[in-house]
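Q: I am new to protein models. Please take one part and look at it closely, step by step.
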Amino acid sequence: MSEAKTAGHRVAVVTAGGTHVWALVNALSDRIGPVTVILEAPESKGALLRARARRFGGIAVAGQLGTMVLTRLFRPLSSRRRQKTIEECGLRTEPAPDQRIVHVASADSPECTDAIAAMGAEVVLLNGCRLVSRTTLERIACPVLNFHAGITPKYRGMNGGYWALATGDAENFGATVHLVDTGVDTGGIVRQVRSKPKPGDSIPSYAMTMASFSADACAEAIEAAASGRIDILKTDLPSRQWYHPTIWFYLWTGLTKRVW
């Protein structure tokens, strides 16, 4: 367990939810005491796909959608892998009975920042929510951290663990806690943790695996932010933003490298 001692600090976790998120929230509560979860409504998949099509073109987005469909078809396999990780690591993937949850429409809204202000948060941790704008960041009076399932700046954006494995960079399979700025996972690095994927892991299960080994790093980053002792880690890694793989790349990598 982490040596971080943050009992008494008011911490808000802003998220869209998910079993891997609750696993991390519950593990954090064990280490730092109760946190408040600000739970945003799910973002429309149709709106996301339309925005991606405008940015990347229809062919690329169709390829990405194909991968999403394929991973859904194989959901029973990935669900078994996630469940095995949950059991092996003793994770709790549902909200605790006494968990405080504040519901908002969007992380990037005055409603969310009002909730953060009302609780007097000393640290905010984003975990799997919408990108927040400069206006939203300026409305938050305390440090804002992000838990990112990838090693930044080399694997910013989506599926950082998958891309590390798919590009033959398994030593950079891991997660980052960083300060939030207006870029995509470009803020100063507060903590990083590296580990290995579980046998049988794939895109749908990497997040749970990362949650299983990241709680101490998150707790330490929160303590550093709450106490005003943040030291930014230096790195010489290149910076690149990644997206969802297309179906043709996903199948080729899976068949030739056994990375799914």
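Which elements each supply at least two residues of the lining of the largest cavity?

A: Helix 5 (110–118) and strand 4 each do. (Helices, H or I of at least four residues, and strands, E of at least two, are DSSP runs numbered from the N terminus.) The model is predicted: local features need pLDDT of at least 70, side-chain atom pairs count only at pLDDT 80 or more, and totals for chains, interfaces and linings use all residues. Residues are numbered from 1 along each chain as its sequence is written, and side-chain values use heavy atoms, without hydrogens or water.

Start with the cavity. The structure holds one cavity of 30 Å³ or more. (On a 1 Å grid over the protein atoms alone, a 1.4 Å probe fits there but cannot get out; lining residues have an atom within 4 Å of a point.) The volume of the largest cavity is about 40 Å³, counted as the space filled by probe spheres set on grid points joined across faces, edges and corners. Its lining includes Cys 112, Ile 116, Val 124 and Leu 126. Val 14, Ala 107, Val 132, Thr 136, Ile 140 and Val 144 line the largest cavity too. By class, nine lining residues are nonpolar, one is polar and none is charged. (Ala, Val, Leu, Ile, Met, Phe, Trp, Tyr, Cys and Pro count as nonpolar; Asp, Glu, Lys and Arg as charged; the others, Gly among them, as polar.)

Seven strands form an open, mixed sheet, ordered 3-2-1-4-5-7-8. (Strands pair if DSSP finds at least two bridges between them.) Strand 3 (100–104) and strand 8 (189–194) are at the edges with a single partner strand each, so one side of each has no neighbour in the sheet. From one strand to the next, the twist averages 20°.

Look further along the order. Strand 5 (residues 144–148) and strand 7 (residues 174–179) run antiparallel, joined by four bridges. Phe 147 has Val 177 as its bridge partner in strand 7.

Helix 1 (residues 19–32) lies across strand 1 (11–15), strand 2 (36–40), strand 3, strand 4 (123–126) and strand 5. (Contact means heavy atoms within 4.5 Å.) Helix 1 runs at about 175° to strand 1. (Axes are lines fitted to C-alpha atoms, for helices over the stretch in contact; angles run from 0 to 180 degrees between N-to-C directions.) Helix 8 (residues 203–226) also lies across strand 4, along with strand 1, strand 5, strand 7 and strand 8. Its angle to strand 7 is about 20°.

Conventions: On a 1 Å grid over the protein atoms alone, a cavity is a set of points where a 1.4 Å probe fits but cannot get out, and a pocket is an open set with protein on both sides within 12 Å along at least five of seven lines; lining residues have an atom within 4 Å of a point.
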